[in-house]
Amino acid sequence: MATLSLSAIGKSFGGADVIPGLDLDIAEGELVCLLGPSGSGKSTLLRMAGGFEMPDRGTVRIGGADVTRMPPEKRPTAMVFQSHALWSHMSVAGNIAFGLKLRRLPRAEIRSRVEAVLELVGLAGYGARKVWQLSGGQQQRVAIARALVLEPQILLLDEPFASLDQHLRERMREELRDIQQRLGITTLFVTHGQDEALALADRIVVLKDGRIEQADAPDVLYRAPATRFVAGFIGTMNFLACDIRRGRADHPLFAVPLALPDGPAELAIRPEALRLTPDAEGPVRVRRVTDYGSHVLADLETDDGERLKAHCPPEARPAPGQRMRLSARQLSAYQQGRRAEASPAHLREGALHA
Amino acid sequence: MSDAAIAVRPVRAAPRGGGLTGLLLVFLPVGLLAWLILYPILRAVIRTLVVQTGTGPALSLETYRFFFTDGYSLANLWLTLWVTALCAVLLLAVCLPIALYLRFAKSRIAALVQGLALFPMFVPSVILAYALIRTLGPNGAVDLVLNAAGLPKIASPYLTPAGPVIGLVWDNIPLTVLMLVAGLGNVSDNAVEAARDAGARPFALLRHIILPQIGNALLVVLSFTVLSIFSAFTLPYVLGPASPEMMGPFMQRTFTDVQDPRMAITQAVITFAICAGFGAFYVRSIARNREASR
Ligand SMILES: Nc1ncnc2c1ncn2[C@@H]1O[C@H](COP(=O)(O)OP(=O)(O)OP(=O)(O)O)[C@@H](O)[C@H]1O
Ligand SMILES: [Mg+2]
């Protein structure tokens, strides 16, 4: 297996910089998820790694070798397309065997490898079927099998599970993770599903306008988002605008000490870090309650009209209109779009009451 | 239970009314087809088979026997078949690269190429024929240029089988390109990219992915060119050789110059039979492909 490294890579379409210039190094056997809003350049980045799009600037290296000008048919990469892109005039086995036939492997070996990979993706015995006789999830697995059978050094996946239902998606991503770890394939994975990225990735790269906002392990990304954008993009976050004055936030709910320079700031609190206690004198009112099964999400409003979301356990379900007191287990602050380093020490342990 | 009983009545009634409306709708075209095409065909076939003798009408295969034993008639048929096959091959050879270029090229020149490829569609065959004579004919533009450069004259294709071949290929380029581009539209970018990803060089890509996926379009192209070229008249008449000649001019000459209408009709029936045979083959392959892919 090999490393994949994109350095100072850039791409423009018709004069518009889709990716102005970006560095990304992926270690051997690592699974990196690309996450970002629509149009942020995820597919473009992936297609440059696969050779389908020629970068205007910078270099692509695989295992240290410069492959920037190498066409896809010569690269040791395999791509799984969002639309499956199976060849409808071939059988399932024909689709998988195509690349092996081009490599002129002996027929017996092709057959055994096709059978092995069909087994791997849980489609043993489906080889003779036509691809249009398969369900969407099965087609997706054929597409993955077709990529895996070539034993690529780099696996590129562009929203491979987009067309699957929730259950199938969860199963497929576990299977993919299994296979990827067993074979140790360096993988770059584009997804729109944050839960998918959080569950799968060794590292998540958040893109915005073709730039990397943050590249970190999932737990770091979720618990300590480096920028205001990442904090809002990954999961749900309550942002409370306030001013820092003489080392203190002036927000009415959370007037916490923060060792930050004076100026405008935003306090950021995850809904699950908030705790609600019924209190007729409390500063917030429950507007709406949504039951998600595993938890209940309460929509809160302050007297100033500021909105917050808070998780509560299903057994302590508040009623709409009820007044509440708030406390936060964890809170961070963002100044000028970036995470402010100085978070008050006592916050990490105890709770903070409003 | 009662719901089902209620539901059944309108369902049963519907096909009767719908069937009648449907019949009425197709009556006009089917009637026209029968009157203008099927009836004349039937009459023509009968006219070639029935002769008036002293004792009344009698069945006779005499004209067919003549056609298939007459060296000149057979030579004309062979020439027509040969020109048709050659044109079909040349058309595919010329148009497939153009269509592939139009489908996959991302440059701006593609629009220009498309315009050029479609241009012959707007040129009537007669004008095309005379244009070809003026350029490739004896003392045509090409000859003048060669002469000015001190080079020998070309062997002009005018009045040889090459003449109609060049004209017919040129004349049929637009439709062929359009049909092939439409067929290539069904080959998705991702399917092509996936094949390249699997290691397919351009030739393997064409052979294993693109051509199999446009099989139906190729069949349509083939039948269109075969049917239109086999029965072509203007270009073979103006540009083609006098002997042997293609079936179109042959029929016309047999009818007006030789004044043997029965023989001319026989030639037409034979031409029609060959085209119909090809049509049947085409319909069957399309049906089979459709069945196989769904
Ligand atoms: N071939 C192309 N020609 C012109 N512009 C393009 C082309 N491909 C992509 N773009 C532009 O580049 C930008 C990034 O596109 P890209 O497909 O990489 O986004 P993405 O992050 O994958 O979005 P999505 O999540 O919707 O798939 C978009 O603004 C898009 O319009
Ligand atoms: Mg995309």
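Which residue has a polar backbone atom 3.2 Å from an oxygen atom of ligand 1? In this predicted model, the residue is A:Ser40, whose polar backbone atom lies at that distance from the ligand oxygen. Two side chains also take part in such pairs. An N or O atom in the side chain of A:Ser43 is 2.6 Å from an oxygen atom of ligand 1, and a polar side-chain atom of A:Thr44 is 2.5 Å from an oxygen atom of ligand 1. On its own, ligand 1 exposes 630 Å², of which the protein buries 57%.

The surroundings of ligand 1 were then listed residue by residue. The shell includes the run A:Pro37, A:Ser38, A:Gly39, A:Ser40, A:Gly41, A:Lys42, A:Ser43 and A:Thr44. A:Phe13, A:Val18, A:Glu159 and A:His192 also belong to the shell. Helix H1 of chain A, residues 42-50, contributes three residues, the largest share of the shell. Sorted by class, the residues around ligand 1 are three nonpolar, seven polar and two charged.

The contact between the two chains was examined next. Chain A brings 23 residues to the contact and chain B brings 20 residues. Together the chains bury about 1800 Å², and 57% of this area is on carbon and sulfur atoms. Within the area that chain A buries against chain B, 31% is supplied by A:Glu73, A:Trp87 and A:Trp132, more than by any other three residues.

Side chains of opposite charge can pair when their charged atoms come close. Between chain A and chain B, two salt bridges are counted. A salt bridge joins the side chains of B:Arg196 and A:Glu73, with an N to O distance of 3.0 Å. On the side of chain A that touches chain B, strand E6 (77-80) and helix H2 (92-102) each supply at least two residues. The residues of that side comprise 13 nonpolar, five polar and five charged.

Over all chains, the structure holds 24 salt bridges. One salt bridge is formed within chain A by the side chains of A:Arg317 and A:Asp291, 3.0 Å apart from N to O. This pair links distant parts of the chain, 26 residues apart. A:Arg317 sits in the loop between strand E16 (307-312) and strand E17 (323-328), whereas A:Asp291 belongs to strand E14 (residues 284-291).

Definitions and conventions
Residues are numbered from 1 along each chain as its sequence is written. Chains are lettered from A and ligands numbered from 1 in the order in which they are written. This is a predicted model: local features need pLDDT of at least 70, side-chain atom pairs count only at pLDDT 80 or more; totals for chains, interfaces and linings use all residues. Side-chain values use heavy atoms; hydrogens and water are left out. A residue is near a molecule or strand if one of its heavy atoms lies within 4 Å of it. A polar contact is a pair of N or O atoms within 3.5 Å; within protein, one must be able to donate a hydrogen and the other to accept it, and residues adjacent in sequence count only if both atoms are side-chain atoms. Accessible areas come from the Shrake-Rupley method with a 1.4 Å probe; for residues, only the protein chains shown count as cover. Helices (H or I, at least four residues) and strands (E, at least two) are DSSP runs, numbered from the N terminus. Ala, Val, Leu, Ile, Met, Phe, Trp, Tyr, Cys and Pro count as nonpolar, Asp, Glu, Lys and Arg as charged, and the others, Gly among them, as polar. Contact means heavy atoms within 4.5 Å. Buried area is the accessible area (1.4 Å probe) that two parts lose on being put together, summed over both. A salt bridge is a side-chain nitrogen of Lys or Arg within 4 Å of a carboxyl oxygen of Asp or Glu.
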